[in-house]
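Dear colleague,

I am handing over the structure we spoke about, and my notes on it follow directly below. Please read them with the model open beside you.

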Amino acid sequence: INFSPLSFSIAPPSLVECDSTRERERGSLKSLSLLFSSPFSSLGRLSVISMTLPPDVPTPDPIPNPVGAAQPKGGSDEDQREGLLSAEERDLDDDHWDEDGSTESDVATGIRRGRTETMTQFLNRQYQNIVHFFVEDWFLSALLGIITAILSIGVDVAIEYLLHMRLHMFEYLNEVSIYSGFCYWVLHIGVCVTFAALFCSLVSKQAVGSGIPEVKVIISGFVLKNYLSMKTLIAKVIGLVFTLGGGLPVGKEGPFVHMGAIVASLLTKATTACRYNQFFSNEGREMEMLSSGCAVGIACTFSAPAGGVLYGIESTSKYFAVKNYWRSFFATTCSALVFRFAMAAIVPPHIGGTITAYYQTSFPNEVFLVEEIPLFVLLGVMCGLAGALFILVHRKIATFMKTNRLFLAVFGKSPVAFTALVACFVGVVTYPEGIGRYIAGKLTFRETLADFVANCSFVLSNDTGTGCNPSLIAHWTGGDGSIHPLITLTCYLLVYFFIVAQCISLHIPAGIFVPSFVMGACGGRIMGEALAMWFPEGIRGAGNPQIYPGLYAVVGAAAYTGAVTHSLSIAVIVCETTGQLCALLPVLIALMIANAICSFLQPSIYESIILLKNLPFLTDLPPSRISVHTLKVEKVMVKELYFISRNTTYKELRDLVIATPQLRSYPFVTDKESMCLLGSVSRRYLVYLLYNKLGHDPALHNDKRRSRTASELLSTIHSFRRQSSHATGLGQQASNPNYLTDRNISGNTLLAHSPLHDAGSHHRVLAPLLSRQTEPHLDLPPQSVMERATILASCVLIDDAAIDPAPFQLVNGTSLFKVHTLFSLLGLNHAYVTERGRLVGVVSLKELRETFANIYLRGALPIQRRSMAPPVEHSSESGSSA
C-alpha cells in the first residue's frame with residue numbers, strides 16, 4: 001500500500017499497471033476506481049490496493065498477493081501483470097467454473113471468462129439462477145403460507161366442533177336437570193384443558209405458553225433446544241385445539257406465530273438435499289424464513305397480510321432487513337388467499353361463518369367529530385395505564401407461582417394439577433346460569449368481539465335508529481333484560497382482566513393478543529355506551545353525527561393491545577379486519593398514547609415473560625432513562641478475568657479450562673504486566689491443544705452452557721456436512737467434541753470467517769490447522785510422571801491461525817446506551833473492554849441484563865464487583881479438579 005496525498009486507485013493485481021512514464025505523459029491525476037472482486041471469491045476481499053503517485057515520486061515494485069489470496073495460474077510475470085492467459089490455460093480454467101457462476105481466481109479471470117463464455121454455459125448458468133430463485137425464494141415462501149393456512153383452518157374447524165358440542169350438550173342437559181348442565185359445563189372445560197396440559201407435558205414441554213418470547217430469543221441469535229421441532233408442533237396443535245375447544249379464555253395468536261416459525265424451520269431443513277451449493281448454506285436465510293413464519297401466523301389469525309408482516313417484525317425482531325420484506329409479504333398473501341377461499345372446499349357450511357377472521361364494521365365516513373378527539377386521547381391514557389397494570393398483575397402471579405412455598409408444596413411438581421384446578425374454576429365462573437349471566441359467559445371471544453364492534457347501541461334500545469336488535473342486547477342483559485348493559489360490560493372487563501392474567505400462566509399453549517383485543521374493546525364499548533347515554537342525540541345535537549359506541553370499541557381494542565404488546569402495527573391489523581379506514585385517525589391517536597405510557601412504565605408482555613423465564617435476551621430500553629447515557633461500561637464490566645498468554649503453561653491452561661466451563665473464548669494478551677490485547681482464542685481450540693499434548697481428559701468436557709448461539713449451531717452442522725462429503729473417515733471426527741471448524745475456532749464473538757467461501761478452502765489461512773484434524777490420530781504412548789510433569793510445566797504453543805486477531809472491543813468510557821445498541825444490533829454475547837490497547841475488563845449479556853433488571857423502577861444500576869469465576873485450585877496429576 002503506497003499512500004499519496006493526492007489520489008489513489010484500487011484494482012486487482014492482474015490489472016495494475018505501474019508505468020511511471022505513462023503517468024508522466026498523462027500529467028493529471030487518475031480518477032477514483034474501485035474494482036471489487038467477485039462476491040463468491042475467496043472471502044470477497046480486495047486483492048491489492050495501489051496508490052497513484054505524482055510524476056515526481058518514483059513508483060515502487062508491484063505488491064505481492066496477501067496471504068491466502070488466490071494466485072494466478074501459470075504464465076510469466078509480464079503476462080500476469082497484463083492479465084493474459086494462454087488458450088490452454090483458458091480452456092483448463094473453464095473446467096473449474098462453479099455452479100453459482102463464481103470463480104476461484106481473481107476478478108480479471110472472471111471478466112475474461114465472461115467474455116469467452118459460450119451460449120450453452122450462459123443458458124446453463126441462468127437456468128441454475130432461476131431454479132435457485134424460485135425454489136429457495138418464491139416456492140418456499142408460498143409453501144410456508146399455504147401449509148400454515150391449511151393448519152390454521154384445521155385447528156379452527158376442530159375448535160368450533162368442540163365449542164358447538166359444548167353448547168348443544170349443555171342446552172340438552174340443562175333442560176333435563178340444572179345440576180347436570182352445571183356439571184357438564186365445568187367438566188367439559190376441565191377435561192379438555194387437563195388433556196391439553198397433560199399432552200404438552202408428555203410430548204413437548206416447549207409447546208407451553210405463547211411461543212413468541214422464545215421465538216424472539218431465537219431470532220435474536222440463540223437456539224433453544226426443541227422449540228422448533230416436529231414434536232413441539234404436534235403438541236402445540238393438539239394442546240391449542242383442546243385448550244380453546246374447552247372454552248378457556250386465551251388466544252391463538254401467539255401459538256400460531258410459534259407454529260409458523262416451526263413450519264418455516266422444518267421447510268428450511270427440508271432443503272438440505274438442495275444444499276449442494278454454498279447459496280443454500282447461509283444461516284441468514286433460515287432467520288429470514290423464521291421471520292416470515294411469524295408473519296404468516298398473524299395473517300392466519302386475523303387474515304391480515306400487511307398487518308401480519310408488521311406485527312411479526314415488531315413482536316419478534318429488534319432489527320429487520322428491509323430487503324426481506326417481500327418474502328414475508330408474499331408468504332402472508334398466499335396464507336390469506338388460502339384461508340379465505342379454501343373454506344368453501346374444506347370447512348362445513350354450518351360453521352364456515354364462525355371461523356372467519358373478519359370483523360366487518362359499517363361506520364359512516366363521518367364517524368367522529370373534532371370534539372371527540374380529547375375523548376380518544378383520554379381512552380388512550382386509560383388503556384396505557386390498564387395495560388401496564390395487566391403486565392404487573394401477570395408478573396406478580398407468575399412470581400407467586402414460582403416462589404411461594406405453600407404453592408410449591410402443593411402444586412410445585414405438578415403443573416397439570418393446578419391447570420386443571422384453574423380450568424374448573426373458570427368453568428364455575430362462566431357458567432351461564434350463575435355468575436356467567438353477568439359476564440356473558442356463554443359467548444366465545446369471537447362472538448363477544450362481534451358484539452362489541454357492532455354499529456349500534458346497547459343502552460338506546462328503544463331508539464330504532466341506533467339501538468341494537470333484541471337478540472344481541474339479550475347477551476348483555478342477562479337474557480331477560482334484568483341487568484343493565486353497563487353493569488354486564490363492567491363485570492366482564494373486571495373478571496376477565498384477572499382470569500386472563502392467570503390463564504396465560506398455565507401449563508398450556510396460550511396467546512395474549514386476542515384476549516387483550518377483546519378486553520380493550522370492552523373498555524372502549526363501556527366509554528362509548530356511557531357517552532351515547534349522556535348524549536343520545538350526539539355531541540352537537542339533533543341532525544348531526546351521533547356517538548358510535550362501536551368506534552370506541554375498535555379504538556379501545558387497538559390501544560389496549562398496543563399497550564400490552566408495545567406494537568404500533570395494530571392499527572394496520574384493525575383496518576384490515578374491520579374493512580374500513582375511517583377509524584384510522586382515532587386509532588392512531590389512542591394507540592400511540594397508550595403505547596408511550598405503557599412503554600414508560602412496564603416492558604411488553606413478551607419481554608416480561610422472557611425476564612420471568614430468565615432466557616438469554618437483552619430487553620429493550622424504556623424511553624427517557626438518563627442513567628443509560630451517564631453510566632459507563634467500566635462500572636458494570638468484570639475486571640478480574642481469565643486470560644492466556646505466551647507464558648501460560650499447559651498446567652495453568654488445563655486448570656483454567658476446567659474451572660471455566662461456561663466460557664467459550666479467552667482473551668489472548670502479551671503478558672500479565674502489560675496486558676495488551678492481541679486477540680482471543682476459543683475454548684474448543686484450547687481443549688484440542690490439550691488433547692494433542694496430554695491425551696483424552698474427561699474433566700475438560702464439562703460443558704455447562706444451556707444454550708448455543710444460532711451461528712455456532714448452524715455453522716457446526718454445515719461444517720460437518722461439508723467435511724463428510726470430502727472424506728469418508730470423518731464420521732468419528734464429527735462426533736469428536738474437540739472437532740474444530742473455520743468458525744467455532746474464533747469463539748463466535750463475531751463471525752470472523754464466512755461459511756460461504758469454501759471453493760478455495762485450500763488457500764485459507766486456517767486450512768493447515770483444520771486439515772490436521774483429518775489425519776488419523778494415533779494414541780499417545782503411555783507417559784511417565786516425569787514426562788507429563790515436563791509437558792505441564794512447558795509454555796503453550798498456540799498456532800497463530802487459531803487466534804482471532806479482531807475480537808469485538810469497547811473503550812472503558814462507552815455509555816451503556818451505545819453498548820446496548822451494539823449488543824442488540826450485532827447479536828454479541830460478550831465484548832472486551834480496553835484502554836489504549838490494554839485489556840481492562842469484559843462485559844457480557846449477563847452483566848447487562850443484571851444492570852437493566854430494575855430499569856423501569858430505579859434506572860440502570862451498576863452491579864456488584866465480582867470476578868468471572870471463583871479462584872482456580874490446582875488440580876492433581878491424576879486428572880481431578882476442584
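This is a predicted model: local features need pLDDT of at least 70, side-chain atom pairs count only at pLDDT 80 or more; totals for chains, interfaces and linings use all residues.

L506 sits in the loop between α20 (485-503) and α21 (513-534), the helices (H or I, at least four residues) and strands (E, at least two) being DSSP runs numbered from the N terminus. With a relative accessible area of 4%, L506 is buried; here buried means under 20% relative accessible area, exposed over 50%, and partly exposed in between, with a 1.4 Å probe and protein chains only. The C-alpha atom of L506 is 7.5 Å from that of G209, although the two residues are 297 residues apart along the chain.

Residues are numbered from 1 along each chain as its sequence is written, and side-chain values use heavy atoms, with hydrogens and water left out.

As for the chain as a whole, the protein chain has 34 helices and 9 strands, and 52% of its 882 residues count as buried. Among the contacts in the protein chain with a separation of 6 or more, 77% are accounted for by residues 24 or more positions apart. The accessible surface of the protein chain comes to about 39,700 Å², and 62% of that belongs to carbon and sulfur atoms; the areas come from the Shrake-Rupley method with a 1.4 Å probe, and for residues only the protein chains shown count as cover.

The crossing of α17 and α20 is left-handed, a term used if the near helix is turned anticlockwise from the far one by less than a right angle, with right-handed used if clockwise. From α17, the residues F418, V422, V426 and V429 meet V495, I499, Q502 and C503 of α20. By class, this contact of α17 with α20 has 7 nonpolar residues, 1 polar and no charged, where Ala, Val, Leu, Ile, Met, Phe, Trp, Tyr, Cys and Pro count as nonpolar, Asp, Glu, Lys and Arg as charged, and the others, Gly among them, as polar.

A440 lies in the loop between α17 and α18 (445-452) and is buried, with a relative accessible area of 4%. Leaving aside neighbours within four places in sequence, A440 is in contact with H475, W476 and T488, and its C-alpha atom is 9.2 Å from that of G479, a residue 39 residues away in sequence.

A further pair is formed by helix α8 (residues 230-246) and helix α9 (residues 253-270), which pack at an angle of about 150° with their axes 10 Å apart. That angle makes α8 roughly antiparallel to α9, and α8 passes α9 in a left-handed crossing. The contact of α8 with α9 divides into 10 nonpolar, 2 polar and 1 charged residues. In the loop between β3 (222-223) and α8 lies N226, which is partly exposed at 35% relative accessibility and has a phi near 65°, a positive value in a residue other than glycine.

Lastly, the axes of helix α15 (residues 373-403) and helix α25 (residues 605-613) come within 10 Å and cross at roughly 20°, which makes α15 roughly parallel to α25. Here α15 passes α25 in a right-handed crossing, and the contact has 6 nonpolar, 3 polar and 2 charged residues. N614, in the loop between α25 and α26 (627-630), is partly exposed, with a relative accessible area of 39%, and its phi is near 60°, again a positive value in a residue other than glycine.

Terms used: Contact means heavy atoms within 4.5 Å. Axes are lines fitted to C-alpha atoms, for helices over the stretch in contact, and angles run from 0 to 180 degrees between N-to-C directions. Angles under 35 degrees count as roughly parallel, over 145 as roughly antiparallel, 65 to 115 as roughly perpendicular and the rest as oblique.
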